[in-house]
Structures are given as C-alpha cells and as structure tokens.
Amino acid sequence: MPYFTLFIPAYNRAVSLSETLQSVEDSSCKDLEALVVDDGSTDDTRGTVELWGGKGSFKIVYLYQENMGKTGAHNTALEHARGLLFMTLDAGDILLPDGLARLREQWEAIPASDRKTIAGIGALCIRENGDIAGRPYPDEGKVANYLEMLEYTGEKRQAILTSVMKRYPYPRIPGEKHIRPDIILKRMAHEYRLRFVNIPVQVNVREKGGITANIRRYRMSNPGGFRLYFLEEITLHREYYGRAKRFSDQWRYIRFSLHAGIGLIRQAREVQNLPLWLSALPQGVFKFLLDHLRRQFDRTKN
C-alpha cells in the first residue's frame, strides 16, 4: 500500500499534465501512486500518461471515463485508490518537491490514539508568483474541523485518510457535472477534524478553460448541485455562520432552487428557518431573474 494516492483529474490537459507529472517525478517522496482520471479528453492525454508510465520512477495508473466532470472523476479515483492518504493534484498544478515528505512528517507526529477523530492534514498552496494563496492558518498544528477554519480563505489542499474519503463520495446530480468541491469536507467536519499547518504543498496554476475562469457558466449548467450545497449550508452547517452569511446562503438557495425547478412550497418545507427564508425571498427571486436576463444577453451577443 503506497503512503499517498495523488488524484490527478485531466480533461484536455495533455501539455500541462506532463508538467504536473514531472513535478511528481521530482518529489522527494516516492512512496506514492498517481491516479490520472481522464474525463473524456479528446487530446493525447492517454499518450502522455503512457509515456510517463514507461519512464517515471513512481506508479502511475490511467483511468478513462466518459465526461462526468471533476467530481465524477474524484469518485472514480476513490474506487481505485490504495494509498494511506489521498490528495488532489489538478492537471497543470505543480507539486512542490518536499510537499509530500512534510505532510508525512505532520501525519506521523499525530499520536495514534488521536487518529480516530483526526482524518488528515490541511495545508497551503502558493500562486504562480510565489505568494501564499489566501490567508495562512493562525496556529501551526492547530487541530479543528474544516468548518471552524473557513475564515482562513484561499486555495488550500488537504491530505486525508483514503479510508475516510471513501465514505464521503461526491453526490451525483442527474444531468450535471459540477458541485462545489468543499461539500464533502463540510460533511466530514461533523465527524472528523484535521491538523492545519502552514506548509505549502502545491503551486496552483490558473487555466483559461478552468472552473474559476468560467464560474458563471458552471453555475447555470449545474443548478441542482448548487441548490444542494446551499441547502446543506442553511440546514446542516448553519451553527457555524453568523446572520449575514445565513441570509446570503438563504437567497442563494432560493436562486438555485428556482433554476432547478424547485418551487416555493417545497422550499418552504425544506428550510429550517422560515422567517429568514421569507426575508431572503425577494433577493433570491431577483437574482434568479437577473440570471435569465444575463443568459439572454449572452445569447444575443454570441
């Protein structure tokens, strides 16, 4: 059993994937497997992986699936993962040479008796210019659940026990391919904690065709996933948020529920704070209508 499973989702990223695999080759930690999940690519992603399979010093596994999005690729990777700790490394991102070795040190520093409730390590990412992405954590080695650390924003990376990750696959929404990635981390937070450290493990490279660059299109194409995400925000996780955040989650829930075809009567039955839902209703309906106007404008422009 390898120590790490690196999940590398790839969709038409053959060129940048090669750079990512080179960074894995350069890692000081060799006790790993790399699972490249090809999410229906039409370029030579397979050839790139086969090339590295012949020359790399690490085990690489190629898994092909019809296009299901990153969350679908994540679930496919979990079905095949054998490592102790599971971590995502997007195609195009660069693994830092000592990142895995330092994560391993942090995990092994946790007493065995504490590992029943501590599921992994939360670490940092850096941008292409070398800056830390977002806010670093306040206390080195702080043990807390994911929801308790949300104020430390920015791109982060987690290495989590594969056995725990397998219990929290991404939900599948028929006809959709995307859901906010931290939905499973927030679910996990009610049962497990992480050890948070200010160790950079990856360089995040922004791709022109990535999710961040096309977030509005992803929102409109996946309303059911966003609706589910905000439903859980206002029901499962509400105790971790202040009133302003609860209000914004309510109107976002209304907005995406309407896009998903969920009417107001069902919404009123689902929410646990009816007065807050009613107060957020005008904002949610306004945003829903504004989305339609923007979509019509985009169609006219194109």
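Predicted model: local features only at pLDDT ≥ 70, side-chain atom pairs only at ≥ 80, totals over all residues.
Colleague: Why does His-237 count as buried?

Modeller: Buried means under 20% relative accessible area, and His-237 has 1% relative accessibility, so His-237 counts as buried.

Colleague: Which residues does His-237 touch, not counting those up to four places away in sequence?

Modeller: His-237 touches Leu-147, Lys-186, Arg-187, His-190 and Glu-232. Leu-147 is 90 residues from His-237 in sequence, while the two C-alpha atoms are 8.0 Å apart in space.

Colleague: What makes Arg-238 partly exposed rather than buried or exposed?

Modeller: Partly exposed is the range between under 20% for buried and over 50% for exposed, and Arg-238 has a relative accessible area of 36%, so Arg-238 is partly exposed. Arg-238 also lies in the loop between α8 and α9, and, leaving aside its neighbours within four places in sequence, Arg-238 is in contact with Glu-233, Arg-246 and Gln-272. Between the C-alpha atoms of Arg-238 and Thr-153, which are 85 residues apart along the chain, the separation is 18 Å.

Colleague: Which residues of α9 are buried?

Modeller: The buried residues of α9 are Ser-248, Asp-249, Gln-250, Trp-251, Tyr-253, Ile-254, Arg-255, Phe-256, Ser-257 and His-259.

Colleague: What makes α8 mostly covered?

Modeller: In α8, 13 of its 13 residues are buried. This helix reaches 18 Å from its first C-alpha to its last, close to the 18 Å expected for 13 residues at 1.5 Å a residue.

Colleague: Which residues touch the most other members of the largest nonpolar core?

Modeller: Leu-100 and Leu-103 do, in a core of 80 residues. The element that gives the most to this core is α8, with 6 residues. Not counting residues up to four places away in sequence, Leu-100 touches Phe-4, Leu-6, Ser-27, Cys-29, Leu-32, Met-87 and Leu-95.

Colleague: Why does Ala-77 count as buried, whereas Ala-112 counts as exposed?

Modeller: The cut-offs are under 20% for buried and over 50% for exposed. At 0% relative accessibility Ala-77 therefore counts as buried, and at 61% Ala-112 therefore counts as exposed. Ala-77 lies in helix α3 (residues 69-80), where Ala-77 touches Phe-7, Leu-35, Val-37 and Phe-86, residues up to four places away in sequence not being counted. Of these contacts, Val-37 is 40 residues from Ala-77 in sequence and 6.7 Å away in space, C-alpha to C-alpha. Ala-112, by contrast, lies in the loop between α4 (99-108) and β6 (118-126), and the C-alpha atoms of Ala-112 and Phe-58, 54 residues apart along the chain, are separated by 28 Å.

Colleague: Why does Asn-12 count as partly exposed?

Modeller: With buried set at under 20% and exposed at over 50%, the 28% relative accessibility of Asn-12 falls in between, so Asn-12 counts as partly exposed. Asn-12 is found in the loop between β1 (4-10) and α1 (14-25), and its phi is near 55 degrees, a positive value in a residue other than glycine.

Colleague: How many residues of each class line the second largest pocket?

Modeller: The lining has 1 nonpolar, no polar and 7 charged residues. Asp, Glu, Lys and Arg count as charged, and Met as nonpolar, and the lining consists of Arg-216, Arg-217, Met-220, Asp-291, Arg-294, Arg-295, Asp-298 and Arg-299. The elements that give two or more residues to this lining are α7 (215-221) and α11 (274-301), and α11 gives the most, with 5 residues. The space in this second largest pocket is about 180 Å³.

Conventions. Residues numbered from 1 in each chain as written. Heavy atoms only, no water. 1 Å grid on protein atoms, 1.4 Å probe; cavity = no way out; pocket = protein on both sides within 12 Å on 5 of 7 lines; lining within 4 Å. Points joined across faces, edges and corners; volume = space filled by probe spheres on them. Helix = DSSP H or I, 4+ residues; strand = E, 2+ residues; numbered from the N terminus. Buried < 20%, exposed > 50% of the residue type's maximum accessible area, 1.4 Å probe, protein only. Contact = heavy atoms within 4.5 Å. Core = buried A, V, L, I, M, F, W, Y, C linked by side-chain atoms within 4.5 Å. Expected span 1.5 Å × (residues − 1).
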